[in-house]
Amino acid sequence: MIQFPYGISDFHLIRTKGYLYLDRTVAIPDLETVGRQLVFLRPRRFGKSLLLSTLANYYDLYAADEFSTLFGDLAIGKNPTAERNQYLILRWDFSKVSAQGDLAAITGNLFRHLNECIKGFAQKYQAILKFPITVYAEDALASFDSLANSVKNSGHTLYLLIDEYDNFANEILTSDPRDRVRYHDLLEGEGVLKTLFKVIKASASEGNISRVFITGVSPVVLSDMTSGYNVATSIYLDERFNALCGVTQDELILLLQQTLQAHQQDSSKVADILDVMRRFYNGYRFCEVLTLPLVYNPTLSFYFLRHYQQNGDMPRQMLDGNLAMDAGRIRYIANLPAGAAVIDQILDETRTTPLRQLETRFGVEQLQRVQHDPTYMLSLLYFFGVLTIADVDGMGRLVLAIPNLVIRGLIQNVDSVTLF
């Protein structure tokens, strides 16, 4: 019986407890060569946290003894790079940082998270750190400086992993379209988030940090932190990483065959079941190369397969509750001054939705344009996973479309609530 890792993003747990792992380690050599500080964007529930956990286990100096167990039968285990198990790993998860309250409250929330991660780092690596790390309760940026210096002076180097870098800034932005003050205070001038990335940039330039990998949903924060952190390489539209997160159809066919065999059901049913999953869960393309296979949402796919494995039939409810909360981001667009027209446009199956290019600058200065300019709204809907790249027309424009019936249902429900 397949143990589907539904809701599990811990690579070590998945690999040591026999859960299904779809091997994406073949991409590690390309990730190493494309840049030393990377930004990778995907919609929610697409496996970004598992990707970071995989990288953490591959590069962690303290995981070297388990390399064979964790990676031996995977692509990278058969042909590892020279950097395997060479770094000390520091990981931050901004989805754990509350966006509630004023600037002081948010800063306090951020600093507490950073400091707790730094304390955990100090405890984990204390045996090899020659110099102590000082944690400053009121200034986590100083704590990070202390950590970086301790690592460097101990003869080691750091790999920094940041998950959901844009989470609490997005929460502020989408909770109220008019709430620009708190967002501005976080990112403009000497805002704490902008300053944090300036510190990361400085540490990298000084050799204290060797690599940085940042994940998020949208580039909303990137524009406003660019002057403080203008050294990262964005790889979210790179064709090499189109399926870095997600499930391919070939993988899904094999999983369906195994699931049916477990219930002694005829394998001829695979085509019909696959057709249902294709209509409800498939359709994502994260680059402009139309020949690459589309990607299925992994959370929804595992939700479906786990139910079929347990019950021998398809779930009556095709939408997993984990994605229902994405309706809030659709509602954010629908409630903008020109948002209702954009929602109507993408729901109209008789029309195409062309876009010259995806807009990637969503800073404070562009917030007014987001409220009125369909280009910005359509681009945000793409990054939220509400739209995907379906085609490139004769004029070289991207043709965006709703990827599947689950997302269409979410939009229609939000639209009806908004209108009535």
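Trainee: Which residue forms a salt bridge with Lys119?
Mentor: Let's start in helix H6, residues 103–125, of this predicted model. The closest N and O atoms of the pair are 3.3 Å apart, and the partner is Glu116.

Trainee: Is Glu116 buried, exposed or partly exposed?
Mentor: Exposed would need over 50% relative accessible area, and buried under 20%. Glu116 has a relative accessibility of 49%, so Glu116 counts as partly exposed.

Trainee: How many salt bridges are there in the model?
Mentor: A friendly reminder first: side chains of opposite charge can pair when their charged atoms come close. The cut-off for such a pair is 4 Å between the side-chain nitrogen and the carboxyl oxygen. By this rule, the count is eleven.

Trainee: How many residues apart are Glu164 and Lys48?
Mentor: These two form a salt bridge, with closest N and O atoms 3.5 Å apart. Glu164 sits in the loop between strand E3 and helix H8, while Lys48 belongs to helix H3. Both residues are buried. The pair links distant parts of the chain, and the separation is 116 residues.

Trainee: Which strands are at the edges of the open sheet?
Mentor: Five strands form the sheet, with parallel pairing, in the order E2-E3-E4-E1-E5. An edge strand here pairs on one side only. That describes E2 and E5.

Trainee: What is the bridge partner of Leu90 in E3?
Mentor: Look at strand E2, residues 88–93, where five of the six residues are buried. E2 pairs with E3 in the parallel sense over six bridges. In E3, the partner of Leu90 is Leu160.

Trainee: And which residue in E5 is the bridge partner of Val39?
Mentor: Go to the other edge strand, E5, residues 233–234. Two bridges join E5 to strand E1, residues 37–41, and these strands run parallel. The partner of Val39 in E5 is Ser234.

Trainee: At about what angle does helix H10 run to E4?
Mentor: Find helix H10 at residues 192–205 and strand E4 at 209–216. The helix lies across E1, E2, E3 and E4. Relative to E4, the angle is about 145 degrees.

Methods: Residues numbered from 1 in each chain as written. Predicted model: local features only at pLDDT ≥ 70, side-chain atom pairs only at ≥ 80, totals over all residues. Heavy atoms only, no water. Helix = DSSP H or I, 4+ residues; strand = E, 2+ residues; numbered from the N terminus. Buried < 20%, exposed > 50% of the residue type's maximum accessible area, 1.4 Å probe, protein only. Pairing = 2+ DSSP bridges. Contact = heavy atoms within 4.5 Å. Axes fitted to C-alpha atoms, helices over the stretch in contact; angles between N-to-C directions.
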